[in-house]
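Colleague: I am new to reading protein models. Could you walk me through one, feature by feature?

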Amino acid sequence: MNAAYDAGRIALMLNELRLPTIGRLWPDFAERSDKESWQASRLLGALLEHELAERAKRRIERHRTESHLDPTKTLATFDFGVVPMVSKAHVMALATGDSWLEKGATILLFGPPGGGKSHLGSAIGHALIDAGYRVLFTRTGEIVQKLQVARQSLQLPSALAKLDRFDLIILDDLSYVRKDQAETSVLFELIAERYERKSLLITANQPFSGWNDVFPDPGMTVAAIDRLVHHSTIFELNVESYRRRKASDKQKERRRQLPTDNPNGATTMAS
Ligand code: ADP
Ligand code: MG
């Protein structure tokens, strides 16, 4: 019979090696292993697998926090039924990442306010985080301001380089950025810097024809669009505002339930 190893010393060593999951699990596992006469390799393998799985989970949680994604805007809460022009199968394929992220391709979501652009963009972002990628969601105006500050202190190249850690940057509401020479040329620099290397997902109320108000001059607008469309998927969510639609559905439902609301006393089916 071998003497047992000192449990306190094991705890210290696991702590030193930063293996908290094994630290938490090993006493129970070891007891079971002794009782059921596991092979030593089975005990070691089981503990290591748990440590790795927990580590992956913690990494994904960190990526979720750094992404600034709204936790409620996921594929699970997105109703594809209201946007028949958007292929769910196509979105699901993009949501796995892989080849389009590898070639630094772009997704462009266009449509009027309330059509679900930000929600769909966020949903793709969440799915990519689940798949192990790193994503940043930002209003375009906000990141433009930050890059502008970086440029004033001659830190633009390093600020752009820092953004390289993200496989995807979601630039929400690009067309709200207003033409201002200094401001929007950093937006162009961001687009040019990531071109064919790291992906962007852009949402905008205005399709390309309205982007002349965003970039300082037409030449830069053309150059930006050229890079963005080169490897891109475009979805046009040309639907009525989801909120307005929900509100009017609710109103119709109320009218159906309360026919006496109708001043004529007749029951009319809402169309
Ligand atoms: P946009 O960015 O195009 O202005 P949003 O994505 O912000 O629109 O959508 C407005 C609101 O309606 C949000 O609360 C969003 O979650 C909801 N919404 C829009 N489209 C859908 C959809 N297809 N399924 C579920 N919720 C939706
Ligand atoms: Mg939006």
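This is a predicted model: local features need pLDDT of at least 70, side-chain atom pairs count only at pLDDT 80 or more; totals for chains, interfaces and linings use all residues.

Colleague: Where do I begin? How many helices and strands does the chain have?

Modeller: Begin with the secondary structure. Here the chain has 11 helices and five strands.

Colleague: Next, overall form. Is the chain compact or spread out?

Modeller: Compare the radius of gyration with the value from the globule rule. For 271 residues the rule gives 18 Å, but this chain has 26 Å, so it is more spread out than a compact globule. A box around the C-alpha atoms, taken along the principal axes, is roughly 90 × 65 × 30 Å.

Colleague: What share of the residues is buried?

Modeller: Buried means under 20% relative accessible area. By that cut-off, 41% of the 271 residues are buried. The chain exposes about 15,800 Å², and carbon and sulfur atoms supply 54% of that area.

Colleague: Where in H2 does a kink lie?

Modeller: At Trp-26, shortly before the proline Pro-27. The kink is about 50°.

Colleague: Which helices do the buried residues of H2 pack against?

Modeller: Find the buried side first. Among the buried residues of H2 are Ile-22, Leu-25, Trp-26 and Phe-29. The buried residues pack against helix H1 (7-16) and helix H3 (40-67). After H2 comes Ser-37, with a positive phi near 50°.

Colleague: Last, one residue. Where is the place of Leu-174?

Modeller: Locate a residue between its flanking elements. Leu-174 is in the loop between strand S3 (168-172) and helix H9 (181-194).

Colleague: Is Leu-174 buried or exposed?

Modeller: Check the relative accessible area. For Leu-174 the value is 0%, so this residue is buried.

Colleague: Which residues does Leu-174 touch?

Modeller: Leave out residues up to four places away in sequence. Then Leu-174 touches Thr-140, Leu-187, Ile-202, Thr-203, Ala-204, Trp-211 and Val-214.

Technical notes: Residues are numbered from 1 along each chain as its sequence is written. Chains are lettered from A and ligands numbered from 1 in the order in which they are written. Side-chain values use heavy atoms; hydrogens and water are left out. The bend at a residue is the angle between axes fitted to the seven residues ending there and the seven starting there. Helices (H or I, at least four residues) and strands (E, at least two) are DSSP runs, numbered from the N terminus. Buried means under 20% relative accessible area, exposed over 50%, partly exposed in between (1.4 Å probe, protein chains only). Contact means heavy atoms within 4.5 Å. The radius of gyration is taken over C-alpha atoms; the globule rule is 2.2 Å times the number of residues to the power 0.38. Accessible areas come from the Shrake-Rupley method with a 1.4 Å probe; for residues, only the protein chains shown count as cover.
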